[in-house]
Amino acid sequence: MGLAPDWWLSPWVLGVLGLAIGSFLNVVIHRLPQLLEREWLADAAAYLQDGEAIGRVLGSSEPRRAELARQGEALASEVAALPALSLARPRSRCPHCGHQLAWHENLPLLGWLRLGGRCSACQARISVRYPVVEALTGALFAAAAWQAGPSAAAAVYCAALALLVAAAFIDLDTTLLPDDLTLPLIGLGLVAAWLRWTPVSLPDAALGAFFGYFSLWAVAFAYRLVRGVQGMAEGDFKLLAGLGALLGWQALPAIILLSSAVGAVVGIFMIVARGHGRNVPIPFGPYLAGGGVAALFFGTRLGGLWPGF
Ligand SMILES: [Zn+2]
């Protein structure tokens, strides 16, 4: 049945692939912060045992250094004793009872629907976030295939969307934006432009990465001068650099405008309606990612939001 060679880049196939990738992204969203925090704790334990550095920085006495080194040793062995964890292992389990999910319970979307959102062993609720992330990733992949047609650009956009979904939810949960997600987005954008897989030229992608980083850096710098506190983190700069590399510098004004407008509305709502402290950091990554997705799908039309573009 003569399948066209590009059938695998059709919205249906990429949509189903997106569901499966979304299922993996749930694991990434849940485990990547844990893996990073383990790494940082191990680093901290190693620093505590570095008596020379502690002496140089704090000028601590010899007994004090020995005490810190003992604490570092204890911390290191606690971290080392943790059960092994990676993105691949162990297999998914119910967080309440430890029941290991059978393959059919782990099917994207269908597994959760068939179980009625409850663990088959202990009946504990399984968060609706899991099927939402899967459905969202599937829908974004299908939309990218539909928008870009059967082309290398469709594959590039799907890869970028997967990174954006993971980054947005991790930032929402932990206010971390891991380099492991933002740096590959910058690389993907630049390489795709270099290979002419996306309609963005290499100079536009490079300028996008540059201005994406430094426009937010400048905003954060000014904010720190005025308010004396850090309003944004470096992860946000790198995320916007990635979007600039993927979509070209021309997309940056619309992304910044859209994400700040939505972020400000939600932020004011949180402060007024929910008593969210004004100095409690509100993650900006989800808004940047959302603005980037909007620019990807509605790029030329969004340009009208910004006078002069
Ligand atoms: Zn259970």
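## Helix 8

In helix 8, the residues Ala 205, Gly 208, Ala 209, Gly 212, Tyr 213 and Leu 216 are buried, where buried means that 20 or more other C-beta atoms lie within 10 Å of a residue's own, exposed means 12 or fewer, partly exposed means in between, and C-beta atoms are placed from the backbone. Helices here are DSSP runs (H or I, at least four residues) numbered from the N terminus. This is a predicted model, in which local features need pLDDT of at least 70 and side-chain atom pairs count only at pLDDT 80 or more, while totals for chains, interfaces and linings use all residues. Residues are numbered from 1 along each chain as its sequence is written.

The 26 residues of helix 8 (residues 202-227) should span 38 Å at 1.5 Å a residue, and this agrees with the 37 Å between its end C-alpha atoms; the expected span is 1.5 Å times one less than the number of residues. Gly 228, which follows helix 8, has a positive phi, near 75°.

Helix 6 has 23 residues and reaches 33 Å from its first C-alpha to its last, close to the 33 Å expected at 1.5 Å a residue. Of its 23 residues, 17 are buried, so helix 6 is largely enclosed by the rest of the structure. Just after helix 6 comes Thr 175, with a positive phi of about 55°.

Not counting residues up to four places away in sequence, Leu 161 touches Leu 140, Phe 141, Ala 144 and Val 293, a contact being two C-beta atoms, placed from the backbone, within 7 Å.

## Two domains

The domain assignment, which is automatic or from a database, gives domain 1 (7-114) and domain 2 (151-305). Their centres, taken over C-alpha atoms, are separated by 24 Å, and the contact takes ten residues from domain 1 and 14 residues from domain 2.

## Val 132

Val 132 lies in helix 5 and is partly exposed, with 15 other C-beta atoms within 10 Å. Although Val 132 and Val 156 are 24 residues apart along the chain, their C-alpha atoms are separated by 22 Å.

Methods
Helices (H or I, at least four residues) and strands (E, at least two) are DSSP runs, numbered from the N terminus.
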